[in-house]
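Have the sequence and the structure open as you read.

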Amino acid sequence: MTPQRLAAACGAGLVVAIATGLGFRPGPTTGPAMTGVSSPGLLPREPLRFVPNSGQWGDEVRFAALGSPQPALVCDDGFALATLGADGLGVTLRFRFGPGSRPFTGEGAAASPVHVLKRSVLVSAADSWTTLRRPDAWPGVDVVLRADTEASSAAALAYDLVVRDADALAGVSIEVLGTESMHAEADGSLRLVAALGAGRTTTLVQRPPRTFVVRDAREVAVPSRAVVLGPSRFGFVVEGVRSDERLCVDPGFVWSSYLGGSASDECRRVRRLPDGDLVLAGWAGSPDFPTSPGAFRATGQRDAFVARLSGDGAVLRWSTYLGGSELEEIDALALAPDGQLVVGGWTGSADFPTSVGAYQRSYFGGGLLANIGDGFVAKLSSDGSRLIWSSFLGRVGDDFVRALEVLPDGSVVAAGDTTADAFPTTPGVIQPEFRSGNVFLPDVFVAKLDASGANLLWSTYLGGFAQDFLGGLAIAPDGAIVFGGLTASTALPVTATAAQRTLRGFWDGFVVRMSSDARRVSACSYLGGQGSEQVRALAIAPDGEIYAAGRSALDAAATFPASTDALQVRTQGLEDGFVARFSADLSVLRAATMLGGAGDDSCEGIALLPGGGLAVVGWTAGLGFPVPASAAQPNYGGGSRDGFVAQFDPTLAMLRAISYAGGSAKDLLVDVVAGGVGDELIAVGSSFSIDFPIGANPLQAGNQGESDAVVMRFDARLDAGAALELRAPASGPTEAVFAPGLAHDALAFTLHNGAPVAIALEALECGIAGSADASRELLGLGLFVDVDRDGRLGQGDARLAGPIAVPDTAGRVRLPASRTLAADESLELLVVIESRAACRRGAEFAVWFDGAPAIVARRGDDQRRVLVTGATTLSGAARICAERRTFSADLDGDGQADVRDLRALAARLGEAPANAGEDPDDDGVIAAADLALGIDRVLQRAPLFALPGSVDAGGLLVLRGHALDDEDFAASLDATPLARVLATPRVLVFAVPVAAPRGLRTLRIASDGVTRRSVSVEVR
């Protein structure tokens, strides 16, 4: 067997937890609210490869290991590893392999190229390797560096010792620099302790090595262990081998400290190429750590990156690192008419690569407040291998390029914000001077570079006498430049016809429409209420109308200018997202809606859908965020944030679809694009979760660092407005009257196919609830086509399914429905309760239909689930048997029979429907307390959760529940009223006086003058 085969046969090697690189594969999932959705997938991590140093790193470095969860720099005689903590403390360990005179060389060319455009060295390392070998590091022993093929990610770094005869192993002595101590354990493992500084340490554990010999053409495992050979050296002992046998020794490592060592990655922008491929950009953990061993404090450690993926995310075409010796970030990405890529962002590196003839090659540095650095704009070749041109953009101060667009002639409009009072501007523009008057408070800037990057065609500030930040940029159909953000300035150039002419809060959002030469503001409007608003993203419809997305904070008075028919007219928490639509001239706010729950929420990215409407992505803290149980991910994943994807109709009054996207830690989505093959949305961001919900067969199965970039693919359902529509009977299900002996009762509705292709109906699900013995009297549920369209079951009606047996307890019944609807065809259906002609006294049964979540259907040949619009809940069919002559399904007297009535029926019968799916008090258990809350709802009383057992004098009494702002709640301790300080649908907050008597007191909660709760609480 060859040494190469022996090396491959060794098992898992070095396993640590820092991420640098890319990788992803979306997979199928279900969930009617995001029908046809591909499960969220992690951003593709490139396979581990070793990239030669052509000047990008220090002189001592020969290769960098890119794509490994732990970045490594390879030198002639070994490699260096580093781990970083959240506080910037880190440690470098240097592994040195023997006195041999031959350095590492590459073997096995990597499938996809990686380009490293770093510092002032404009080189492309397109040739990279999957394996490095150092022959005869010790006589008869080779060292092989490779990917760990048995770890959770194939990108992990491993090293093997390939020993040509067993006697040679005695000469192996591996030196480790940077450790405080080294201990061989009884099980054969090795423990290395390293100091991080500030009194902290971390431990590297090398597990017992896996060692193989070749006997009779077979690989045979043999016992082996690590041994300490000196204060900083170790080797290996192998038992039961002959001196002439070949060996492969595979040590394995795991970090085991409170730090967990990790870098971070974030995807900030995504664009789709004409051929359907995706280009992603952001920043990634960098291997620019000190190669000298020992503790250090990190200052740089990340570069910008650009990567190209196949449209389905299965193949990484190439990836490119871009940066200098300090921090970089790409925040803007656009496609040039010639197929090349333009990126923008900021850098703290004086040696950031610029090109000969570029507009600005000098680095001016950061400002007094944050000392971030300069902005930059760069153009890359379509294969990522060449820096066509690159220029700094800034002066002394903190300069950020946050958005850019490429015009048809190849020129670039870049926008951002700056604290530089000497930022380069040109004569005749709207605002040539810095107005904030304070180098700690930025102004917005917009600048235009020619297609060569050599000339600044024009540049202007835009701001007032306070702080102004750029949030989004777009080019109108007529060439006008539209941008927006947040401002605390009262003196923006607001136009006389603006939808909002004054600053209403501490911060407001703003939108500006500017001439293409930056000489005239044609429209400018604030956007906000008495809280603090900021525009985070912009999009322009083909008719020129402007969509803005962002967030609003601290608007307890509900002064944000939401539409009267908006999806959500007021904030639900301290910070909510918003979406707004302006007329093209910013004179009319056509529509605006909030989007959020009781926690913090933000809309970060926006994309218009070709079929009408728009998609929005962002993040949410959950807490009542309006995600239905039918969503692709219906439940909040956990942590401080989850991402979300939402789709609105153009009026912003209807939420077509919405879903969480996150795991148990912090997750964010920041950008989204539509289009490409099918009706797809691509959303990107970052995740700190190890359980982010990925699809099947991902190229990267888990988070490899502190945070990883993520990319998700959703079916946008661009034909949502013309898909399968659910229509209720014209009369509505209000009351059913039953005569003795009647053997069936029906719930009628219509399905209409508004799509331009056929839709195959597969199944429907009905909810059921009834008394304990009801199922004994029922033959089952049936599904019929109402041929005569009279809303009743007759002899001429055609059975599609059933009778389907019903469960003994409340639940759901699936009704198969093999029926195809042609384009524009309507299908009248009946869900029928079929029972015996004579039923026992007291048998009661009811059925309801939940609409979209309960319909399984697919469009044409693409086999994706379709959106169902229209009515969301139909109910009213009820079978009441024996002597009772009539029955009204409207138990709560609201004039409509709905699911609340059925749940009330179940509660009266002493049963909780298993499919109720609601845990109103959010305690994780559906119990009697939840039924009580459900009764509150049926009686149209705002449900209150359990009251607290104690309160603090001078503190706050916090009550939780649902729809709490719909009633006039009051609270009192004994006879002392408490002042209400906050009321939201989910939370009521009252102030407890400092002078409140301590000890057990009576807490009373009343609404409309009627005491709702009275309990004893301890005042502390």
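## A serine in a strand

Let's start with Ser552, which is found in strand S41 (residues 546-553); strands are DSSP runs of E, at least two residues, numbered from the N terminus. Ser552 is buried at 0% relative accessibility, where buried means under 20% relative accessible area, exposed over 50% and partly exposed in between (1.4 Å probe, protein chains only). Its side chain makes a polar contact with the side chain of Glu533 at 2.6 Å. A polar contact is a pair of N or O atoms within 3.5 Å; within protein, one must be able to donate a hydrogen and the other to accept it, and residues adjacent in sequence count only if both atoms are side-chain atoms.

## About the model

This is a predicted model: local features need pLDDT of at least 70, side-chain atom pairs count only at pLDDT 80 or more, and totals for chains, interfaces and linings use all residues. Residues are numbered from 1 along each chain as its sequence is written, and side-chain values use heavy atoms, with hydrogens and water left out.

## A glycine in a loop

Now look at Gly612, in the loop between strand S44 (601-608) and strand S45 (614-620). Gly612 is partly exposed, with a relative accessible area of 21%. Leaving aside neighbours within four places in sequence, Gly612 is in contact (heavy atoms within 4.5 Å) with Pro650 and Arg656. The C-alpha atoms of Gly612 and Pro650 are separated by 6.4 Å, though the two residues are 38 apart along the chain.

Methods: Helices (H or I, at least four residues) and strands (E, at least two) are DSSP runs, numbered from the N terminus.
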